[in-house]
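Look at the structure first, then work through the points.

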Amino acid sequence: MPLALVVGAADPLCDVADRDALVGQLGADLVVLPEAGRLPLASARWREHAGAVHRWLVTRLGETLLELYAEAMADREQDD
């Protein structure tokens, strides 16, 4: 299962060495949000930051997401 660690580049509590070590231990992708602080989704630029996470999801899970969408739509059609 793909995994991402999403961090703000300007997060004062996120030590780069610790962050990189955690990414390595988890085998995760690193998504760094430029100019974002500790709570990127609570900032004025939250849409931009959510877009970065969305891009990662589509890039890493695009085909799988499409399969799930097709299954969900088929289930929905059966319910109608």
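**Helix ends, charge pairs and a surface patch**

D15 caps the N-terminal end of helix α1, which covers residues 16–26. A side-chain oxygen of D15 lies 3.2 Å from the backbone nitrogen of A17. Keep in mind that this is a predicted model.

**After helix α1**
- G27 follows α1.
- The phi of G27 is positive, near 70 degrees.

**Salt bridges**
- Side chains of opposite charge can pair when their charged atoms come close.
- How many salt bridges does the structure hold? There are 5.

**D11 and R38**
- D11 forms a salt bridge with R38, and their closest N and O atoms are 2.9 Å apart.
- This pair links distant parts of the chain, 27 residues apart.
- D11 sits in the loop between β1 (4–8) and α1, while R38 sits in the loop between β2 (29–33) and α2.
- Is D11 buried or exposed? D11 is buried, because its relative accessible area is 10%, and buried means under 20%.
- R38 has 49% relative accessibility, so R38 counts as partly exposed.

**R60 and D29**
- R60 pairs with D29 in a salt bridge, with the closest N and O atoms 2.7 Å apart.
- Here too the pair links distant parts of the chain: R60 is in helix α2 and D29 is in strand β2, 31 residues apart.
- R60 is partly exposed, with a relative accessible area of 41%.
- D29 also counts as partly exposed, at 25% relative accessibility.

- R45 forms a salt bridge with E35, and the closest N and O atoms are 2.7 Å apart.
- Both R45 and E35 are in the loop between β2 and α2, 10 residues apart.
- R45 is partly exposed, with a relative accessible area of 30%.
- E35 counts as exposed, at 64% relative accessibility.

**A negative surface patch**
- E63, E67, E71, D75 and D79 form a negative surface patch.
- E63 is found in helix α2, which covers residues 46–79.
- An α-helix has 3.6 residues a turn, so residues three or four places apart point the same way.
- Why does E63 count as exposed? E63 is exposed because its relative accessible area is 62%, and exposed means over 50%.

Methods
Residues numbered from 1 in each chain as written. Predicted model: local features only at pLDDT ≥ 70, side-chain atom pairs only at ≥ 80, totals over all residues. Heavy atoms only, no water. Patch = residues over 30% accessible without salt bridge, like charges linked within 9 Å, V, L, I, M, F, W, Y side chains within 5 Å. Areas by Shrake-Rupley, 256 points an atom, 1.4 Å probe, with all protein chains shown as cover. Salt bridge = Lys/Arg side-chain N within 4 Å of Asp/Glu carboxyl O. Lys, Arg positive; Asp, Glu negative; His and termini not counted. Charge placed at Lys NZ, Arg CZ, Asp CG, Glu CD. Helix = DSSP H or I, 4+ residues; strand = E, 2+ residues; numbered from the N terminus. Buried < 20%, exposed > 50% of the residue type's maximum accessible area, 1.4 Å probe, protein only. Polar contact = N/O pair within 3.5 Å; in protein donor to acceptor, adjacent residues only side chain to side chain.
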